[in-house]
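Keep the coordinates open as you read.

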Amino acid sequence: MRAPAAFGVDAGSTTCKVVAVDAGGELVASRLEATRPRLEEQAAALVGALCGDLGLDAAPPVAATGYGRKLVREASRRVTEITCHARGAFRALGHGGTLVDIGGQDAKAIRIGPDGRPVDFAMNDKCAAGTGRFLEHTAARLGVAVADLGARALAAAGEEAISSTCTVFAESEIISLIGRGADLDAIIRGLHRSLVGRIVAMARAVGLAPPLILSGGVALNPGVRAMMEEATGMRVLLPQHPQLMGAYGAALLALEG
Ligand code: ADP
């Protein structure tokens, strides 16, 4: 295995990730787990576990990102998610574009310049309806696994319109749709349409310069990807590990010192 030269930790609101890169910036190992309340201890344990996986006695330089980055005491550098996702996706794909990162609790649209640095961004961290939380919440209400939502949305024969702009009201709408005997998959499809509408409006705020790139955990949802392509008329590109892009970008920045 290539020798690990730096670690990146992304202490997110929903998942905590750690990535190791070699001296050339290639991703060599990673770990991801659901975020727990004691983030400081969790990040330390995650760094220790990755060291164990790689047979290291001590961690190489570490940079941290994510909402809990200040709690990562192993980090010698702390960098915003905007910079890290931009850097990670730029390196993974080899070009810039408009990157949309949809995480558990927020979503960002970032225009990446020709050197991999963000040149403009827009962010939603106020309203759950444009984030992964919206999908998680409604998946739990519908008794469907989050990982199955996208495929079910795409397989739906019809689509129920969800008009509420708020997670709480959308949930009431879902309950009355279920009460009226609406098809579950059609409801799921409507939920995706609603989320994608919000995301695309945010992305348009930074100019939607092609290509369109997706990162964050919600990039793993094929329904969101397909509906974003429909809504924008643009192809959506994905890095190989979309959910790890923040941690990967942090590791690349740790490598630079
Ligand atoms: P954060 O970095 O903000 O903690 P992530 O980028 O890890 O969050 O994204 C978490 C979100 O990703 C979840 O809310 C969920 O909607 C989505 N997600 C996670 N795994 C999957 C999966 N396998 N398929 C579809 N969506 C997923």
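In what order do the strands of the open sheet lie? The order is β8-β7-β6-β9-β10, 5 strands with mixed pairing. Strands here are DSSP E runs of at least two residues, helices are H or I runs of at least four, and both are numbered from the N terminus. Two strands pair if DSSP finds at least two bridges between them. β8 (118-124) and β10 (236-237) are the edges; each has a single partner strand, so one side of each lacks a neighbour in the sheet.

This is a predicted model, where local features need pLDDT of at least 70, side-chain atom pairs count only at pLDDT 80 or more, and totals for chains, interfaces and linings use all residues. Residues are numbered from 1 along each chain as its sequence is written, and side-chain values use heavy atoms, leaving out hydrogens and water.

Look at β6 (residues 97-102). It runs parallel to β9 (residues 212-215), joined by 4 bridges. Leu-99 has Ile-213 in β9 as its bridge partner.

Thr-138 sits in helix α3 (residues 132-142). Its relative accessibility is 2%, so Thr-138 counts as buried (under 20%; exposed is over 50%, partly exposed in between, with a 1.4 Å probe and protein chains only). Beyond four places in sequence, Thr-138 touches Ile-174 and Leu-191, contact being heavy atoms within 4.5 Å.
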